[in-house]
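Please look through the sequence and the model shown below before reading on.

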Amino acid sequence: MLAHNGIIILLTLLLALIATIIPMPLSVDAFRPDWVMVVVAYWCLACPSRVNIITAWIVGFLLDVLLGSVLGVHAASLAISVYVIADNFQKIRNFSVWQQSIIVGLVTVLYHLLVFWIQRFLSDAVFLPSYIYPAITTAILWPWAFLLLRKIRRHFKIK
Amino acid sequence: MVFMSPIFKHGPSPQHRLLLVLFCSGLLIFFDHAIGSFETSRGYLQSLVSPLQYLATAPKKMMSWTGENLSSRSKLIEENQQYKIEKLLLKEQLMKLETLEKENNRLRLLLSSPLRQKTKKMVAEVISVDSDPYTHQIVINRGANDGVYEGQPVIDDQGIVGQVQNVGTISSRVILITDVTHAVPVRINRNGVRLIASGMGQVDKLTHNFVPHSYDVEVGDKLVTSGLGGKYPEGYPISEVLHVNKDETRAFSQIYSKPVAKIDRLRYLLLLWTKTIPEVEAKNEAIIDSVKEGKE
């Protein structure tokens with residue numbers, strides 16, 4: 001994974017993890033986009049031979065450690081949602097950026113629902129609509145992140 | 001590595017990979033949640049990711065640092081004056097407390113009950129608050145290097161905040177009293193009735209389960225730790241009763257209380273050592289001796 005400037009992929013993933021735990025005011029916090037989701041989804045579409053479900057699972061595991069949730073909750077949810085993208089990467093690649101952002105938004109909804117379901121199963125979590133809000137900001141973030149990451153990929157010639 | 005065309009599949013198929021990782025996560029969830037066998041490795045994992053946490057808080061730290069350095073002279077003088085007045089008031093209270101403590105020790109000795117012991121304390125700073133809505137945890141900048149241990153009580157300037165859950169080398173994770181999985185044995189300061197305060201996953205509410213209707217609980221009652229669980233030292237404020245519903249059709253009365261600690265605005269915390277330290281013990285013995293001599 002580290003060949004051909006693969007370290008850049010790792011760096012972007014680490015930055016996404018940091019952006020996920022950066023402290024924010026409580027009111028903005030509910031709308032925090034899923035940086036990890038966006039970055040993993042992009043690399044999954046761009047380099048499916050290097051970033052795949054296993055990568056998503058490992059990043060999700062780190063997210064579990066960082067967020068202090070039961071180990072494996074975010075890992076499993078991220079892996080399943082990324083599976084949807086990884087299994088259809090040839091189709092999704094040909095969509096326009098706007099269509100892609102809708103798909104990423106929907107996948108993010110799936111991700112948050114999965115996390116909620118597992119939490120509900122483990123402890124008596126109650127569903128609040130605010131758990132889904134990040135999907136909106138993630139969908140809005142996608143086009144910009146897509147352009148930025150594509151620029152990075154072309155600049156460093158990551159294949 | 002040769003560039004591999006993604007048109008031709010290689011390696012295990014996505015389905016197999018998914019099955020593999022789902023199996024792994026199933027195992028992880030089971031061992032972590034049901035058996036709790038990751039308690040020690042969590043500490044190592046915590047130390048592993050603490051650089052990320054320090055990096056994540058760096059921008060905010062820098063901003064508050066510049067803010068502090070750019071504050072005006074007049075504001076500093078004003079603050080300083082305020083602190084001086086506060087210190088004066090606190091000192092006056094402390095004087096009273098010292099005589100009271102001595103008196104209390106004397107009385108306790110007369111009753112031949114053990115003396116209350118002074119404990120070691122350490123100031124800690126919050127370095128990250130979880131953005132996960134399902135857990136109420138924070139990370140502080142003290143770890144095993146500072147002698148932090150698992151289950152250690154953490155307070156702020158108002159009252160109990162929570163206890164240490166995992167200890168890393170330079171940082172540790174604190175579970176807050178409002179977490180769904182957390183409960184504290186408490187008593188009502190007014191009459192000594194014992195209750196249990198459990199978290200509900202809301203920052204401003206604690207619930208008290210299994211309280212019979214006959215118990216004397218009123219809105220506005222102050223709850224303090226009872227020290228019965230052995231985790232928290234006795235007598236620290238924890239919450240104030242907010243709502244009492246004595247509906248006889250229910251088996252137990254419904255009681256909610258509001259934590260006195262500012263759970264959603266934590267910054268500086270105090271770690272308490274409930275285990276006694278040798279020098280304090282020596283001091284206590286000296287007190288006992290002096291009191292005994294006084295008696296004779």
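**A walk through the model**

Leaving aside residues up to four places away in sequence, B:Arg267 touches B:Ser64, B:Glu68, B:Ala124, B:Glu125 and B:Val126, where contact means heavy atoms within 4.5 Å. This is a predicted model, in which local features need pLDDT of at least 70 and side-chain atom pairs count only at pLDDT 80 or more, whereas totals for chains, interfaces and linings use all residues. Residues are numbered from 1 along each chain as its sequence is written, chains are lettered from A and ligands numbered from 1 in the order in which they are written, and side-chain values use heavy atoms, with hydrogens and water left out.

B:Arg267 sits in the loop that runs between strand E11 (253–259) and strand E12 (268–272) of chain B; helices and strands here are DSSP runs, numbered from the N terminus, with at least four residues of H or I for a helix and at least two of E for a strand. With a relative accessible area of 35%, B:Arg267 is partly exposed, a class that lies between buried (under 20% relative accessible area) and exposed (over 50%), as judged with a 1.4 Å probe and protein chains only.

Side chains of opposite charge can pair when their charged atoms come close. The rule used here calls it a salt bridge when a side-chain nitrogen of Lys or Arg is within 4 Å of a carboxyl oxygen of Asp or Glu, and by this rule the count over all chains comes to 11 salt bridges. One of them joins B:Asp247 to B:Arg250, with the closest N and O atoms 3.8 Å apart. B:Asp247 is partly exposed at 28% relative accessibility, and B:Arg250 is likewise partly exposed, with a relative accessible area of 41%. Salt bridges that share partners also join B:Glu68, B:Glu125 and B:Arg267 into one network.

Two further pairs can be followed in chain B. B:Arg142 forms a salt bridge with B:Asp146, and their closest N and O atoms are 3.6 Å apart; B:Arg142 is partly exposed at 25% relative accessibility, and B:Asp146 is partly exposed with a relative accessible area of 25%. In the salt bridge between B:Arg187 and B:Glu234, the closest N and O atoms are 3.1 Å apart. Because B:Arg187 lies in strand E6 (residues 183–188) and B:Glu234 in the loop between strand E9 (222–225) and strand E10 (237–245) of chain B, the pair ties together parts that are 47 residues apart in sequence. B:Glu234 is partly exposed, its relative accessible area being 44%.

Which elements make up chain A? Chain A has eight helices and zero strands. Its radius of gyration is 15 Å, close to the 15 Å that the globule rule gives for 159 residues, so chain A is as compact as a globular protein of that length; the radius is taken over C-alpha atoms, and the rule is 2.2 Å times the number of residues to the power 0.38. The C-alpha trace of chain A spans about 45 × 30 × 30 Å along its principal axes, and buried residues make up 57% of the 159 residues. Among the contacts in chain A with a separation of 6 or more, 68% are between residues 24 or more positions apart.

The two chains meet through 48 residues from chain A and 39 residues from chain B. The area buried between chain A and chain B is about 3900 Å², of which carbon and sulfur atoms give 72%; buried area is the accessible area (1.4 Å probe) that two parts lose on being put together, summed over both. Between chain A and chain B the count is zero salt bridges.

Two residues other than glycine have a positive phi. Phi of A:Lys157 is near 50°, and A:Lys157 lies in the segment after helix H8 (133–155) of chain A, where A:Lys157 is exposed with a relative accessible area of 62%. Phi of B:Phe210 is near 55°; B:Phe210 is found in strand E8 (residues 206–211) of chain B and counts as exposed at 63% relative accessibility.
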